[in-house]
Amino acid sequence: MVGAEKAIFEGAASFEPERPDVYGSAHPKGLLRAVQEEHEYLLTLSKNHVASAAQFERPLLTQLFRLAAKYEANPDRFATPMKPLSGKLLISAFYEPSTRTRLSFESAWHRLGGDIMSITDRSTTGIAKGESLSDVAEMFNNYGDCVVLRDNAESSVMEMMGALRIPIINAGNGMDEHPTQALADLYAIMKWRPDLLAEEPENKIRIGIVGVPNRMRTVRSLLTLLSRFSNSFEEVVVIHDDKNGDVWAPEQKENLLREGLNIRESDDLDKELPELDVVYINAIAWVADGFEVMGKNLKLDKDSPLKKDSIILHPLARGDELCTSLDDTAHNWYFAQARGAVFMRMALLTCIVQRTEMVMDVV
């Protein structure tokens with residue numbers, strides 16, 4: 001007996017629908033209780049594109065996290081009598097490989113009652129014939145209510161923004177930025193420790209970021225958002241093995257320091273781990289039509305000297321840098337991080353297409 005038949009007889013066909021997707025506590029109700037609703041900040045997203053993490057200030061972030069937690073705490077709350085995005089159309093344009101980002105955006109839109117048109121290959125569009133992105137944007141104006149774009153060219157989002165009369169969301173533009181991934185990352189941290197949302201938290205944390213800010217869009221965007229809550233972090237340790245001095249983009253580190261982040265660099269992951277409350281690890285940097293793996297000597301597994309109550313985050317997809325031996329430990333918050341991204345994007349999409357008033361407790 002081999003293959004599928006063997007697996008069936010060994011019990012692989014059964015599953016537990018209530019199995020948690022994380023071995024820590026990732027419930028959003030603590031965050032929901034920690035933040036008072038101030039919907040006027042969410043209304044500022046109306047008629048705005050989302051291109052960069054730099055667009056988000058602390059009050060807006062806090063309210064987005066609250067709305068995401070509201071969705072996550074009770075997913076069926078806004079199912080009747082009409083879902084918030086009923087009658088709205090999303091143009092999902094992913095010209096670069098994606099699993100989590102694309103599916104979480106489309107899941108978020110569907111959960112809110114909207115319909116979707118997907119493009120996954122630029123060779124099937126007029127772009128393959130030489131059509132300009134601004135002309136494509138003009139057509140998109142007639143076909144949908146929002147565009148989500150992933151493109152390996154850093155300039156594509158900006159080129160389309162100038163011609164669009166509907167909002168566009170940057171879902172990753174080359175090595176530049178990934179703002180909604182950073183929203184999901186910070187949302188996971190604030191669910192874990194809602195007290196960090198306070199103006200002056202009593203117990204600040206140390207976060208280690210394994211990656212190269214100049215070449216990893218997830219790291220770049222996350223650092224920008226962390227700077228909005230600089231008083232919540234005792235220290236941000238950027239851990240890398242780059243020997244070429246190409247760690248930071250021009251003025252990148254200076255701007256973060258100016259915002260109040262206490263940044264230190266290190267090349268010894270195991271030495272730092274015992275003092276880190278959060279470890280954010282990534283190894284992929286997108287380059288042109290492919291990617292490069294960085295930090296090949298910086299890896300985590302069940303034998304790594306992690307702080308007892310620390311959590312691990314990873315934007316996924318992972319490689320050898322994050323061993324599956326950690327999946328069944330309380331350090332695993334990367335699956336909850338991916339789950340929460342759906343609700344975070346639900347919150348953003350609701351506001352950006354002007355349906356905020358449908359989900360407010362007080363209007």
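Biologist: Hi! Which domains is the chain divided into?
Modeller: Hello! This is a predicted model, and its chain is divided into domain 1 (28-175 + 341-361) and domain 2 (179-339). Domain 1 comes in two stretches of the chain, 28-175 and 341-361.

Biologist: Thanks! What distance separates the centres of domain 1 and domain 2?
Modeller: Taken over C-alpha atoms, the two centres are 24 Å apart.

Biologist: And how many residues are in contact between them?
Modeller: On the domain 1 side there are 37 residues, and they are in contact with 34 residues of domain 2.

Biologist: What area is buried between the two domains?
Modeller: About 3100 Å² is buried there, and carbon and sulfur atoms give 60% of that area.

Biologist: How many salt bridges are found across that interface?
Modeller: Three salt bridges turn up across the interface of domain 1 and domain 2.

Biologist: New topic: how much space lies in the second largest pocket?
Modeller: That pocket holds about 220 Å³ of space. Its lining includes Ala54, Arg220, Pro250 and Leu256.

Biologist: Which elements give two or more residues to that lining?
Modeller: Those are α9 (217-226) and α10 (252-258). Of the elements, α10 gives the most, with three residues.

Biologist: One last thing: what do the side chains of glutamate 72 and arginine 339 meet in?
Modeller: Glutamate 72 and arginine 339 form a salt bridge, at 3.5 Å from N to O.

Definitions and conventions
Residues numbered from 1 in each chain as written. Predicted model: local features only at pLDDT ≥ 70, side-chain atom pairs only at ≥ 80, totals over all residues. Heavy atoms only, no water. 1 Å grid on protein atoms, 1.4 Å probe; cavity = no way out; pocket = protein on both sides within 12 Å on 5 of 7 lines; lining within 4 Å. Points joined across faces, edges and corners; volume = space filled by probe spheres on them. Helix = DSSP H or I, 4+ residues; strand = E, 2+ residues; numbered from the N terminus. Domains from an automatic or database assignment. Contact = heavy atoms within 4.5 Å. Buried area = accessible area lost by both parts, 1.4 Å probe. Salt bridge = Lys/Arg side-chain N within 4 Å of Asp/Glu carboxyl O.
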